[in-house]
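User: Could you take a close look at one helix for me and walk me through what it packs against? I have the sequence and the model open and would like to follow along.

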Amino acid sequence: MSNGPGPDHAEEPFRASELERLVGDIDLDPFLGTPVDPLAEPLEQPVPVEAQTPPLLALRDLLADERFPALFARALRVADPDFRELFPRDATPVLRDFARAMRWAFETTEHARGDRDKVEEVVEFARDLGADHRKLELTPGHHQRFGEALAHTLRHLAGRGWDDRLETTLGTAYRVLSTALQQGASADDRGPARVGATVVEVLRPTRDVVVVRLLSDVMVDYHPGQYLSVLTPYAPGVWRRLSPSIPSNPAGQIEFHIRDVPGGALSGSLVRGVGVGDRWVVARPLGLLEVDRTEPFRDVLMIGGGTGIAPLRCLLLDMMRHAHNPRVHLFYGARYPGDLYDLPTLVDLAATAPWLTIQPVSESDEDPWWAGPRQELPRTLHRRQSGTLVEAVTQWGSWADRQVIVSGSPDMLRATIRGLVAAGTPRENISYDRP
């Protein structure tokens, strides 16, 4: 007998489609003995390879095929069990970025036509990437098996179009890049590759923003404005670049501001699940945001959207240590007034820093009803403006004489930089990072 409305399905056998849906995302390979080659069956439609195409460009085209990330992810899982832990469960976004970087390296090398400076640019890029990969603690064996999986995947995509010249070219190119990656990892000796940190406080100033305060096991030495690679327990294998909102200090205190981005691989689970006592891993600092303090001082325009205020606040706190500073005009924007969660802290800073001016901006004048109650925003020297950040900034002029630092989401960065340049700001005066 059924306990609820609707037809009684007690006698109906469990349907295969439902079973497949339940177990389809479970990785069973480690429990099934000898792994089966997932790329054994030839593709019905391999990527065409023209004989007259230079080998590096042919490899570039294979990497550009939309099937590459998924096929490569399957090959990696079989190539080495360690890759299951090093990559997130859905590795395709990471491998899509890898394919884009490899395509750039192959294309740049081909078009260099023997120009050593151009080729060295590619090698130097690989060394920098290797320094970042130091956090993964890769061995030469990992690099070898990664290369074998890469060759296997490209060979599979090319089908009968694969030949000795592609095999030789890929082997040579990968050997050079892999060597540069390992050189970059071994040359970076600035402290440990990764440091443990404990969450000691969690604040939730808005419905979709969390402020996480941590204590690291040892001091993490970073420059104000840089971002750190962070590994959390909420999305295994997903490294996220987060910008500290306070300068590095001997106590090991670190503060991050994180917004729940719809569809993000980590932000949603982090914002909802972070708690005091959680253990994180923090790795090498990156990024180049900084205030030019060379004499004579050049005044600064800072533009921060949402949680992009974090690295700017870090720069401001560092400037507070100096007796003399350039003038700073900070535009701090959000979609709704209540999303200007860090405005009280910024106003407190401006109260003791005559060189700092705060201009709050919100796209809407009122908070939506579903946002819930919010703390009343403090008053600033300039009244809050309505509109987008780029509208608020450019109506003041071109800011052509300023050092301009922009921080925010990718969409905000694109719109703001495009608007500033259109208003007359020299492109070389604008600096930004994409953590």
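The part in question is helix α7 (residues 140-158): which residues of α7 meet α8, and which residues of α2 and α7 make their contact?

Analyst: Happy to! Please keep in mind that this is a predicted model.

Let's start with the partner that follows in the chain. Helix α7 covers residues 140-158 and packs against helix α8, residues 164-187, with the two axes 11 Å apart and an angle of about 150° between them. Angles over 145 degrees count as roughly antiparallel, so α7 is roughly antiparallel to α8. The crossing of α7 past α8 is right-handed. If you want to colour the contact, select P140, H143, F146, G147, L150, A151, L154 and R155 on the α7 side. On the α8 side, pick E167, L170, Y174, S178, L181 and Q182. Sorted by class, this α7 contact with α8 comprises eight nonpolar, four polar and two charged residues.

Now turn to helix α2, residues 55-64, whose axis comes within 10 Å of the α7 axis and crosses it at roughly 90°. The two helices, α2 and α7, are therefore roughly perpendicular to each other. Here α2 contributes L59, L62 and L63, while α7 contributes L150, L154, L157 and A158. By class, the contact of α2 with α7 has seven nonpolar residues, with no polar and no charged ones.

F98 sits in helix α5 (residues 92-112) and F146 in α7, so the pair ties together parts that are 48 residues apart in sequence. This is one of 12 aromatic pairs in the structure.

For orientation, here is what else you will see on screen. The structure has an open sheet of six strands, in the order β4-β3-β6-β1-β2-β5, with antiparallel pairing. Its edge strands are β4 (239-242) and β5 (253-259). Helix α6, residues 116-133, lies across β3, β4 and β6, and runs at about 155° to β6.

Technical notes:
Residues numbered from 1 in each chain as written. Predicted model: local features only at pLDDT ≥ 70, side-chain atom pairs only at ≥ 80, totals over all residues. Heavy atoms only, no water. Axes fitted to C-alpha atoms, helices over the stretch in contact; angles between N-to-C directions. Helix = DSSP H or I, 4+ residues; strand = E, 2+ residues; numbered from the N terminus. Parallel < 35°, antiparallel > 145°, perpendicular 65-115°, else oblique. Left-handed = near helix turned anticlockwise from the far one by under 90°. Contact = heavy atoms within 4.5 Å. Nonpolar A, V, L, I, M, F, W, Y, C, P; charged D, E, K, R; others polar. Pairing = 2+ DSSP bridges. Phe/Tyr/Trp six-rings, centres within 6.5 Å; stacked < 30°, edge-to-face > 60°.
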